[in-house]
Amino acid sequence: MTMRQAIAEALAGLTIGSVLYDEPMSHHASLRLGGPADALVAADDEAQLAAVVRRLTQKGIAFLPVGNLTNILVRDGGYRGALLWMRGWDQTAVSPGPDGTYFLDAQAGAALGRVVALAAAEALAGVEFCTGIPGSVGGAVRMNAGAYGKEIKDVVSRVTVMNKEGRVHQLRREEIAFAYRRSGLPADTIICGARFVLTRGDAGRIRARMSEIREWRQEKHPLQYPSAGSVFKNPPGEPAGRLIEELGLKGRRLGDVQISKKHANFMVNKGQGTAADMLELIRLVQETARRERGVALEPEIVIIGEER
Ligand SMILES: Cc1cc2nc3c(=O)[nH]c(=O)nc-3n(C[C@H](O)[C@H](O)[C@H](O)COP(=O)(O)OP(=O)(O)OC[C@H]3O[C@@H](n4cnc5c(N)ncnc54)[C@H](O)[C@@H]3O)c2cc1C
């Protein structure tokens with residue numbers, strides 16, 4: 001039995017929003033490359049998701065939650081198992097919190113852009129740094145996404161998660177081992193939603209800061225090409241982009257994947273790029289950094305799936 005058949009059998013009889021089999025990740029990932037997932041499952045709500053997760057766990061089938069796929073590289077052979085897609089989980093709400101704060105609750109599939117826009121509309125300060133990060137709330141919490149000296153952990157107070165038995169519970173920020181671009185949550189823990197704690201601010205100032213960040217990103221990042229953002233975490237003391245540039249690798253191209261000429265910590269897909277090309281470039285950068293500088297560069301992007 002193939003994995004696809006095993007998943008179909010495991011999910012038989014369940015009501016599920018949508019299940020796409022052998023779905024090419026190049027159609028969904030911001031990199032526009034990557035092999036097929038055996039199944040891309042989008043549950044409509046918590047009850048559906050819990051039923052799916054329980055069945056997959058019972059059958060020993062691997063699964064991984066995904067959001068907007070803006071930080072994932074799927075190898076060309078594809079992902080063996082089910083990707084649980086939080087598409088459509090995009091409800092957001094604002095309510096008063098203690099001591100003049102405000103809660104912004106968002107479901108995991110909500111785009112960070114939606115959270116940022118809602119905060120601006122309500123004149124709430126705290127998430128301006130998320131402007132222009134193309135991920136979802138779930139992906140941002142998982143990755144402890146950050147920019148301009150701030151990270152998700154600075155503004156999140158609690159996270160709603162589902163475990164692999166389909167049970168939902170809440171974690172306080174203190175219970176999550178947030179660190180630089182990581183949350184320490186197990187890969188099969190599904191983030192269902194998060195609560196941001198914001199403060200009342202000046203609407204004009206908030207919008208001005210967001211515009212400034214948008215302009216800065218336009219100027220610095222190669223946004224005209226598909227990418228997954230920064231490929232490597234910054235090593236201590238030096239931005240990875242500057243190190244890669246100093247190593248003379250800026251602009252290096254393999255097939256249709258190129259180390260961006262605009263920002264050396266981005267790799268861009270110039271058309272028909274493959275995961276194999278990108279992985280080869282990643283290895284080249286790592287080996288060169290180790291040899292020339294004794295620096296171990298660690299990927300920031302999440303790499304999953306099998307080689308072809
Ligand atoms: C142009 C560009 C600019 C970027 N700029 C930044 C930046 O400034 N700062 C920054 O930190 N990142 C940046 N990124 C990377 C990326 O947008 C963030 O890491 C984002 O938070 C990932 O969210 P996602 O929904 O796309 O996650 P995905 O790529 O779908 O997944 C990333 C990881 O999160 C996990 N995950 C996703 N959803 C869930 C969930 N609901 N529950 C549990 N785990 C989940 C996945 O399993 C995977 O391990 C950029 C990317 C691009 C393309």
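Colleague: Which strand does G193 lie in?

Modeller: G193 sits in strand β13. A strand here is a DSSP run of E with at least two residues, a helix is a run of H or I with at least four, and both kinds are numbered from the N terminus. Before we go on, residues are numbered from 1 along each chain as its sequence is written. And this is a predicted model, where local features need pLDDT of at least 70, side-chain atom pairs count only at pLDDT 80 or more, and totals for chains, interfaces and linings use all residues.

Colleague: Why is G193 called buried?

Modeller: A residue is buried when 20 or more other C-beta atoms lie within 10 Å of its own, exposed at 12 or fewer, and partly exposed in between, with C-beta atoms placed from the backbone. G193 has 24 other C-beta atoms within 10 Å, so it goes down as buried.

Colleague: What does G193 touch, leaving out residues up to four places away in sequence?

Modeller: D105, A106, Q107, A108 and T160. Touching, or being in contact, means that two C-beta atoms, placed from the backbone, lie within 7 Å. As for Q170, 23 residues away along the chain, its C-alpha atom is 9.4 Å from that of G193.

Colleague: How do you know that β7 and β13 pair?

Modeller: Two strands pair if DSSP finds at least two bridges between them. Here there are 7, and the strands run antiparallel, so by that rule they are paired. Y102 stands opposite L198 in β13. On β6 (residues 92–96), 5 bridges link up with β7 (residues 101–107), again antiparallel, and there V94 faces L104.

Colleague: Where in the hairpin of β6 and β7 is there a positive phi?

Modeller: At D99, near 55 degrees, in a hairpin with 4 residues between its strands. Most residues other than glycine have a negative phi. L69 also has a positive phi, near 55 degrees, and its place is the loop between β3 and β4.

Colleague: Is L69 buried or exposed?

Modeller: Its 24 C-beta neighbours inside 10 Å make L69 buried. R181, in the loop between β12 (168–172) and β13, has a phi near 55 degrees too. With 21 other C-beta atoms within 10 Å, R181 counts as buried.

Colleague: What makes β5 mostly covered?

Modeller: In strand β5 (residues 79–85), 5 of the 7 residues are buried. Strand β2 (residues 36–42) pairs with β5 in the parallel sense over 4 bridges, with A39 partnered by A82. β3 also pairs with β5 in parallel over 4 bridges, and V66 is partnered there by W85.

Colleague: Which residues touch the most other members of the largest nonpolar core?

Modeller: V41, I72, L83, L84, V115, V127 and V137, out of 84 residues. Such a core is a set of buried Ala, Val, Leu, Ile, Met, Phe, Trp, Tyr and Cys residues joined through C-beta atoms within 7 Å. Setting aside neighbours within four places in sequence, the contacts of V137 include A106, L112, V115 and A194.

Colleague: Which residues come nearest to the ligand?

Modeller: G67, G135, G138, G139 and G229, from a shell of 32 residues. A residue is near a molecule or strand if its C-beta atom, placed from the backbone, lies within 6 Å of it. Helix α4 gives the most to that shell, 5 residues.

Colleague: What makes up the shell by class?

Modeller: 18 nonpolar, 13 polar and 1 charged residues. Ala, Val, Leu, Ile, Met, Phe, Trp, Tyr, Cys and Pro count as nonpolar, Asp, Glu, Lys and Arg as charged, and the others, Gly among them, as polar.

Colleague: How is the protein divided into domains?

Modeller: Into domain 1 (3–85), domain 2 (92–220) and domain 3 (240–304); the bounds come from an automatic or database domain assignment. The contact between domain 1 and domain 3 takes 12 residues from domain 1 and 10 residues from domain 3. On the domain 1 side, the largest share, 3 residues, comes from strand β4 (residues 72–74). Back at the ligand, domain 1 and domain 2 each supply at least three residues of the shell.
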